[in-house]
Amino acid sequence: HYKLHTHKGFEVFVFLRGEARFVIEGNSYQLVPFDILIIRNSELHQVYYDTEQDYERIVLHISDAFFRRHGCGGYRAIFLDRGVGEGNLIRAEAVRKCGIPELLERIEEYIRETSRREDAVVQAGIVEFLHLLGRVDQHKASPPQRNENIQEIIQYINDHISQPLSLDQIAKQFFISKYHLCRIFKESTGFTVGNYIINKRLLRTKELCREGMRVSYACYEAGFGSYSSFYKAYVKATGSAPRRDLT
């Protein structure tokens with residue numbers, strides 16, 4: 001099993017074979033072959049698969065630079081024009097209908113022929129892949145298995161991540177006890193509420209640093225009460241000092 005994680009860029013996950021359940025921001029998806037998941041860099045996710053069965057998937061990680069380099073910035077909307085943890089899944093029926101499996105086979109053939117993922121024909125294939133995703137994601141997405149209360153809590157945390165947040169405050173906001181909040185949040189997301197908030201603030205700090213803000217200011221903007229609390233959280237999460245990675 002993989003740990004809950006994020007990536008620097010955008011991710012497209014194409015499930016091919018096996019028995020797998022994917023969790024994104026507390027939403028659970030039971031996958032069938034050629035289901036596709038689209039994930040942006042701020043969405044925490046994790047896959048659980050049956051170790052007794054062969055497990056196969058295709059994963060594309062796409063950076064912002066790719067969209068700029070190929071003049072296809074409009075396709076970023078596939079990942080960004082939706083709420084956190086919403087609209088992640090495109091079901092296999094829609095994927096097959098628009099010809100994506102055949103396109104993926106062609107891209108793999110191009111890679112074998114050229115031995116270079118950077119080759120123009122491979123890159124053009126990925127742009128076409130994004131184009132096809134853009135044609136189906138708004139209308140063919142399938143709803144996840146979800147706890148509606150948890151989704152509302154997750155959205156609330158993300159909307160207020162730069163502000164002080166506490167268990168008592170969140171529990172009061174949603175008229176539940178903090179003990180019940182801790183239990184259902186952990187069951188749905190795999191995170192404690194506190195760890196989820198810390199991870200989201202670390203992600204926000206990294207985003208602000210990439211936009212040019214100094215790390216000593218970015219951590220406060222992301223909701224950390226002090227640089228020392230940010231530093232401890234960063235080292236614990238990554239094993240390295242933030243100034244080495246973020247400056």
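Tyr227 and Phe230 both belong to helix 11 (residues 227-238) and, being 3 residues apart, are separated by about one helical turn. An α-helix has 3.6 residues a turn, so residues three or four places apart point the same way. In this predicted model, Phe230 counts as buried, at 0% relative accessibility.

## Aromatic pairing in the model

The count of aromatic pairs comes to 13. One of them joins Tyr156 and Phe174, whose ring centres are 5.6 Å apart and whose planes stand at 90 degrees; planes over 60 degrees apart count as edge-to-face, so this pair falls in that class. Tyr156 lies in helix 6 (residues 148-159), whereas Phe174 lies in the loop between helix 7 (167-173) and helix 8 (178-189), so the pair ties together parts that are 18 residues apart in sequence. Tyr156 is buried, with a relative accessible area of 13%.

Tyr227 and Phe230 also form an aromatic pair, and theirs is tilted, with 5.7 Å from centre to centre and 55 degrees between the planes. Both residues take part in a cluster in which ring pairs link Phe224, Tyr227, Phe230, Tyr231 and Tyr234.

An open sheet is formed by 3 strands in the order 3-2-5, with antiparallel pairing. Strand 3 (27-30) and strand 5 (45-49) stand at the edges; each has a single partner strand, so one side of each is left without a neighbour in the sheet. From one strand to the next, the twist averages 20 degrees.

Strand 2 (residues 20-24) pairs with strand 5 in the antiparallel sense over 5 bridges. Within this part of the sheet, Val23 stands opposite Gln46 of strand 5.

## Helix 4

Helix 4 (residues 100-114) has 15 residues and reaches 21 Å from its first C-alpha to its last, close to the 21 Å expected at 1.5 Å a residue. The buried residues in helix 4 are Ile100, Pro101, Leu103, Leu104 and Ile107. Viewed down the helix axis, the buried residues of helix 4 fall within an arc of 160 degrees, so they line one face of the helix.

The face of helix 4 turned away from this buried side carries the exposed residues Glu105, Arg112 and Glu113. Ser115 follows helix 4 and has a positive phi, near 60 degrees.

## Gln123 in helix 5

Gln123 is located in helix 5 (residues 120-140) and is buried, with a relative accessible area of 11%. With neighbours within four places in sequence left aside, Gln123 is in contact with Phe66, Arg69, His70, Arg117 and Glu118.

## Helix 8

Helix 8 has 12 residues and reaches 16 Å from its first C-alpha to its last, close to the 16 Å expected at 1.5 Å a residue. Leu181, Ile184, Phe185, Ser188 and Thr189 are buried in helix 8. Down the axis of helix 8, the directions of its buried residues fall within an arc of 110 degrees, so these residues line one face of the helix.

On the face of helix 8 turned away from the buried side are the exposed residues Tyr179 and Glu187. Just after helix 8, Gly190 takes a positive phi of about 85 degrees.

Notes:
Residues numbered from 1 in each chain as written. Predicted model: local features only at pLDDT ≥ 70, side-chain atom pairs only at ≥ 80, totals over all residues. Heavy atoms only, no water. Pairing = 2+ DSSP bridges. Helix = DSSP H or I, 4+ residues; strand = E, 2+ residues; numbered from the N terminus. Axes fitted to C-alpha atoms, helices over the stretch in contact; angles between N-to-C directions. Phe/Tyr/Trp six-rings, centres within 6.5 Å; stacked < 30°, edge-to-face > 60°. Buried < 20%, exposed > 50% of the residue type's maximum accessible area, 1.4 Å probe, protein only. Contact = heavy atoms within 4.5 Å. Expected span 1.5 Å × (residues − 1). Arc of directions from axis to C-beta.
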